[in-house]
Amino acid sequence: MELIILPSHDVDAVAARLVADDLRAASPGVLGVATGSSPLGVYAALERMIAAGDLDLSRTRAFALDEYVGIPADHPESYAAVIRREVVERLGMNPAFVRVPDGRADDLELACAEYEAAIRHAGGIDVQILGIGANGHIGFNEPSSSLASRTRVKTLTRATREANARFFDDVADVPTHCLTQGIGTILDAQHLVLVARGEAKAEAIRQAAEGPVSARWPASALQLHPNVTLVIDDDAASHLE
Ligand code: F6R
């Protein structure tokens, strides 16, 4: 695991450079995208590279990590809508090449199996952008998730629903379930680039990098992957030994 600790304002550009290098090497490549606040600056930095003619993602495929169950696809906070806004439109990607798990499917288990198959069919993910929850979740793999898990339905913890309530009018409006790539799915990507900022993430980062590998802190499973880069700011690094 490589740790890159930077002043906060440098995190996005450095993470974006790593992602862009992988995608240029794999051209057109397969990108794994996350939602939440952490990767937004990375997408903005990639957008600047594209505007400068240094990167072209028009033929790149992308797969999102997760989606809420039961949220209308046109709800502004559905991950399908967020990915359309923040990734597809900003990065000039082909919407037909970008997939988000289908949280509206009649048969959610089938939707999960099809999602796994689609990733395999695309040749696997070359580089996966990750954020991390304060409780150590990656994707929506909450504590106690199997470290070998695949894409499936999960219940969101109260803590995660409260953390995400900022995107909704009220915590009661935050869906209770989600579809998420499993930890095993995430670990299949060639390169994992995790971005974290702020003291609130410091304990999760410590457990991810230095803790025992344990389902108690799902991100600790990243220690099992040969090619992980944590790009974090000084505050997120503040609990490291
Ligand atoms: C989102 C996701 C989550 C977030 C995590 C951190 O697709 O998979 O694991 O990355 O909840 O969220 P932020 O970045 O908003 O702190």
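Helices (H or I, at least four residues) and strands (E, at least two) are taken here as DSSP runs, numbered from the N terminus. The model is a predicted one, in which local features need pLDDT of at least 70 and side-chain atom pairs count only at pLDDT 80 or more, whereas totals for chains, interfaces and linings use all residues. Residues are numbered from 1 along each chain as its sequence is written.

The annotated positions are considered at the outset. UniProt positions are given in the numbering used here, feature names are shortened, and annotations may be inferred rather than shown by experiment. An unreviewed UniProt entry assigns residues 17–223 the annotation "domain: Glucosamine/galactosamine-6-phosphate isomerase". This span, residues 17–223, is 33% helix and 15% strand, and its end C-alpha atoms lie 22 Å apart. The feature "active site" is placed by UniProt (unreviewed entry) at Asp66, Asn135, His137 and Glu142. Of these, Asp66 belongs to strand S4 (residues 66–68). A residue is termed buried if 20 or more other C-beta atoms lie within 10 Å of its own, exposed if 12 or fewer, and partly exposed in between, with C-beta atoms placed from the backbone. Asp66 is buried, because 23 other C-beta atoms lie within 10 Å.

Around the ligand there are 14 residues, of which Thr35, Gly36, Ser37, Ser38 and Gly131 come nearest; a residue is near a molecule or strand if its C-beta atom, placed from the backbone, lies within 6 Å of it. The shell consists of 5 nonpolar, 8 polar and 1 charged residues. In this division Ala, Val, Leu, Ile, Met, Phe, Trp, Tyr, Cys and Pro count as nonpolar, Asp, Glu, Lys and Arg as charged, and the others, Gly among them, as polar.

Two strands are said to pair if DSSP finds at least two bridges between them. Strands of a sheet pair through backbone hydrogen bonds, either parallel or antiparallel.

Strand S2 (residues 30–33) runs parallel to strand S6 (residues 127–130) and is joined to it by 2 bridges; the bridge partner of Gly32 in S6 is Gln128. S2 is also joined to S3 by 4 bridges, again in the parallel sense, and Val30 has Arg61 as its bridge partner in S3. In a regular strand the side chains alternate between the two faces of the sheet. In strand S3 (residues 61–64), Arg61 and Phe63 point one way and Ala62 and Ala64 the other way, and all are buried.

Strand S9 (residues 191–196) has 6 of its 6 residues buried, so it is largely enclosed by the rest of the structure. S9 pairs with S6 in the parallel sense over 4 bridges, and Val127 stands opposite His191 in S9. A further 5 bridges join S9 to strand S10 (residues 228–233), which runs parallel to it, with Val193 opposite Thr229 in S10.

In helix H3 (residues 79–89), Tyr79, Ala80, Val82, Ile83 and Val87 are buried. These residues cover an arc of only 150° around the axis, which puts them on the same side of H3; the arc is that of the directions from the helix axis to the C-beta atoms. The exposed residues Arg85 and Glu89 lie on the face of H3 turned away from its buried side.

Helix H4 (residues 108–121) has 14 residues, which at 1.5 Å a residue should span 20 Å, and its end C-alpha atoms are 20 Å apart, which agrees. The expected span is 1.5 Å times one less than the number of residues. Cys112, Tyr115 and Ile119 are the buried residues of H4. Seen down the helix axis, the buried residues of H4 fall within an arc of 60°, so they line one face of the helix. Leu110, Ala117, Arg120 and His121 are exposed on the face turned away from the buried side of H4.
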